[in-house]
There are 2 protein chains.
Amino acid sequence: MVTLADQRARFPALQTKHYFNYGGQGPLPQPALEAITNAFAWSQVLGPFSGQALEWIAKQEASNRRALAAELGVAPQTLTLTESTTTGCNIVLWGLPWQPGDHILIGDGEHPGVVAAVQQTAGRLGLQVNICPLTLAPDPLAVIDAHLTPQTRLLVISHVLWHTGQVLPLADILRLCHGRPQPVWVLVDAAQSVGVLPLDLTALGVDFYALTGHKWWCGPDGLGALYTRPDLMDVLEPTYVGWRGVEAGNPRRDGRRYEVATSAFALSQGLRVALEVHTQWGTPTERYQRQIQMSTLLWEKLSALPDVTCLLPGRPAAGLVAFRKRGVTPGQLVQTLEDQGFCLRTIPQSDCVRASVHYLTSELEVESLTSAIQAT
Amino acid sequence: MVTLADQRARFPALQTKHYFNYGGQGPLPQPALEAITNAFAWSQVLGPFSGQALEWIAKQEASNRRALAAELGVAPQTLTLTESTTTGCNIVLWGLPWQPGDHILIGDGEHPGVVAAVQQTAGRLGLQVNICPLTLAPDPLAVIDAHLTPQTRLLVISHVLWHTGQVLPLADILRLCHGRPQPVWVLVDAAQSVGVLPLDLTALGVDFYALTGHKWWCGPDGLGALYTRPDLMDVLEPTYVGWRGVEAGNPRRDGRRYEVATSAFALSQGLRVALEVHTQWGTPTERYQRQIQMSTLLWEKLSALPDVTCLLPGRPAAGLVAFRKRGVTPGQLVQTLEDQGFCLRTIPQSDCVRASVHYLTSELEVESLTSAIQAT
C-alpha cells in the first residue's frame, strides 16, 4: 500500500497549494496525464485511422469501461460514456416516454445546470416541474413523499447535495418511489457522490445515475458516464444518436445506444489510470472512511470558531463542508484564501463557501485552512 | 513559409507510414499534442479549479473560438463547440420547430451516423424522411429540386460526399431551398469539407454547418463545432442544455446556448495549435490548391490503371478519391495495403476503397500508392 504522502506526490496540483475544490474539479494525477499523452502519441504510431489503431482503441475502450463498471458495481453494458454529468441527465430527460401533463419532482438545491435541463425539457414537452424543499431537511424522505403527485413520473435529486454536502437516503427514496401506485423513476445527479461513497448501484436498484470522472475520481475533464438499469434500456429512447449508438441501422442493446459519435479516446485512458492510482492507496471503503474522517475534522474545527457557521447541523457523511463567516462575504473569503494558496469556492445558491475534502486531504491542510479562515 | 518537408516532419504519424485516411482522422501535429499536454499541466499549476484557472481558461477559450471562426469566415458568436459533426447535426434535428408530418429530405449517400440521427428524430417526432439519389448525379441541383415537397422543411446534405468525393454546389442548393414558397433550411454535414475547401460561411449564407476538427484540420478527436446563421438562433431551440448554455436561467444569446456542461478544455488548445501549424504553411486557398493538385494526380494515375475504376467521372474537387479494383475486394485491398504501410479505408456503402489526399500528401506517396495498388 502506498503511503498518503507518496500518493499525494503523484498529484502535481497538490504540490503548490492547499486544494479544497475536488467537488469542482479533481487534480489530475501525473500517471493519468502521461496516459493521455501516450494515448494520443501511440494512436499516431498505429494510425491514427487504420485497422491496427481501431483494433487497439476498441480493446482499450472495453477495458476502460470495465474499470468504470467495477467501481460502480455494475455490468459494463449498463454504462453510456458521456462528456459530463449534465449530458447524462439530458439523455434521461429527453428519452423517457412522457405524456403531456406529466410531473417532474426536483429538489430545491439541485445544480443550476441540471435545473436548466429539467426546465428546458419540461417547457418543450409540456411537463410540469414541482420543487420540494430538501435543503437541510431533517427528514428528506417525508418531504419527497409529501410532494409526489399521481402525475409524478420522475424524481431528480443528487445523491450528495452540492450546496450543503447532505447525503440523501437514496435506498429509502428508491423504495418510496418504486412503491407508488404508478412507479416514479429516479434520476440521480451523482457529481458529488461518485468517488466519494462506496457504491453498488446494482444492489441499490437505482434507475438512472449520471456521473462525471473529473471531480472526486480525479480524471480528466470531459468524460463522464450514465448508468441505466438494464430493464430500463427498452423504456429510455435514444435522442441524440450517431454511428456509435447503432448497429446495422438499429440502436445497440447496451448503454452505447445513447452514445453519439467520435469522442476523445485518450480521456478514457486517463480516467482508467486515475482509478488505478486510487486503488493503489485503498479500497473505495477505505478511501471513504479516511475522507469523512477529514471532512469531520474540518467540520468540527470550523464549528468551534465563534464567527463561523457550518450549514450541516451534524457531522458530514461525504466530502463537502459548506460554511459562512460573519462579517465577510463568501466571495471576499474565497479570494483572500486563494491569495494565500487555498482553493475553495463560493456557492451562490446557498450564499456560502464550500470546502471539498478528499481522502488525499492531509490533517495539516485542514489545520492550516482553519487557521486561515479564523485569521480572515 | 515552411517547406512541405518541414511541415510533414511536424506530424509523427507521417514519419512511419503512407497516410491516406485524413477523411477518417487526421494525424495530430506534435505542437498540438504538446499544447494538449501543456493545457492539462498548466491547469494543475493554476487550479485545476480556482479563480485563476477559470480566468485563464475563459481567456484561452475565447481565443480558440476566434481562431475557429476565422477559418470559417464567421463571427465567433455563431459557433457552438461540440464533440463531433454528428452531435452538431443532432442539435439541429432536435431543435427545429417541427410540425408532425413535416418532411426531411436527405441525400442517398449521407454518413450512416447522420442517417441514424435523421431517422431517430423523424421516428420520435412523426416526420417523414425522403431520400434523393445524389450519388454521382450529374445534376444534383435538379435532383434536389425534383425531390422537394411542399412539406419539406429541412434538407440534410454533405458539402463533400464521404463515399464518392463529389463536391455539391452548395451556393446553388441554398438559393434553391431559400427561394421556395415555404423556405427549406439546409443542414450541412461538413466532415469532409472543413479543412479542405476555403470557406466563407457568412457569404455563403448557409443555415447550419456541422463540422469536426479531427479530420482534415488534424486536431484531436472529440472536438467539433456547429455554425448557426445568426438569425436562426431564435428559431433553433436548445435541446440538451446545462450550465454552459444558460445565463441567469435563460439560454445565452450566442452559439453557447446549445452547449451543455464540462468538456475537455485541453482539446480546444490542441485544435487551435493545429490550425496555426497549417497557417504557417499556407492560406486555406493555397492548401486547397495543392490538395486538389495531389488528389487529381492520384485520380489520374489510378484511372490509367487497367483494372482500377475511380468512382468520380472527372477530376476531384476535394480530397477524396474512391475507387475499386477488379479481382480484389475492398477489404482485401485495404488489408494488403496496410500490411505495406499504406493507410486507406473501405466504404461499405459504395463498395469501394477510399484514399484521402491532403496538402500534406507528397507526390512520392501518390506514386508509391499507385504502384502498390497496381501490384496487388
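Between chain A and chain B of this predicted model, 32 residue pairs are in polar contact, both residues of each pair being at pLDDT 80 or more. Salt bridges, by contrast, number 0 between chain A and chain B. The elements of chain A that give two or more residues to the side touching chain B are α2 (30-46), α3, α4 (85-95), α5 (112-125) and α9 (265-281). Of these, α2(A) provides the largest share, with 8 residues. In total, 61 residues of chain A are in contact with 61 residues of chain B. About 5100 Å² is buried between chain A and chain B, and 61% of this area lies on carbon and sulfur atoms. Which residues of chain A lose the most area to chain B? They are F40(A), F49(A) and Y240(A), which together account for 16% of what that side buries.

Turning to the inside of chain A, the chain is divided into domain 1 (4-28 + 282-375) and domain 2 (43-276). The C-alpha centres of domain 1 and domain 2 of chain A are 27 Å apart. Their contact draws on 30 residues from domain 1 of chain A and 24 residues from domain 2 of chain A. Together, these two domains of chain A bury about 2100 Å² between them, with 62% of it on carbon and sulfur atoms.

Polar links also cross this boundary. Across the interface of domain 1 and domain 2 of chain A there is 1 salt bridge, along with 9 residue pairs in polar contact, both at pLDDT 80 or more. On the domain 1 side of chain A, at least two residues each come from α10 (284-303), β12 (320-325), β14 (345-347) and β15 (352-356). Here α10(A) gives the largest share, 5 residues. A salt bridge in chain A joins R287(A) to E71(A), whose closest N and O atoms are 3.3 Å apart.

Chain A also contains an open sheet of 7 strands, in the order β2-β8-β7-β6-β5-β3-β4, with mixed pairing. Why is one side of β2 (79-82) and of β4 (128-132) of chain A left without a neighbour in the sheet? Both strands stand at the edges and each has a single partner strand, so one side of each has no neighbour there. From one strand to the next, the twist averages 20 degrees. Helix α3 (residues 51-72) of chain A packs on this sheet, touching β2, β7 (208-212) and β8 (224-228) of chain A. The direction of α3(A) makes about 110 degrees with that of β2(A).

Strand β3 (residues 103-107) of chain A pairs with β4(A) in the parallel sense, over 5 bridges. I104(A) has V129(A), in β4(A), as its bridge partner.

Technical notes. Residues are numbered from 1 along each chain as its sequence is written. Chains are lettered from A and ligands numbered from 1 in the order in which they are written. This is a predicted model: local features need pLDDT of at least 70, side-chain atom pairs count only at pLDDT 80 or more; totals for chains, interfaces and linings use all residues. Side-chain values use heavy atoms; hydrogens and water are left out. Two strands pair if DSSP finds at least two bridges between them. Helices (H or I, at least four residues) and strands (E, at least two) are DSSP runs, numbered from the N terminus. Axes are lines fitted to C-alpha atoms, for helices over the stretch in contact, and angles run from 0 to 180 degrees between N-to-C directions. Contact means heavy atoms within 4.5 Å. Domain bounds come from an automatic or database domain assignment. Buried area is the accessible area (1.4 Å probe) that two parts lose on being put together, summed over both. A salt bridge is a side-chain nitrogen of Lys or Arg within 4 Å of a carboxyl oxygen of Asp or Glu. A polar contact is a pair of N or O atoms within 3.5 Å; within protein, one must be able to donate a hydrogen and the other to accept it, and residues adjacent in sequence count only if both atoms are side-chain atoms.
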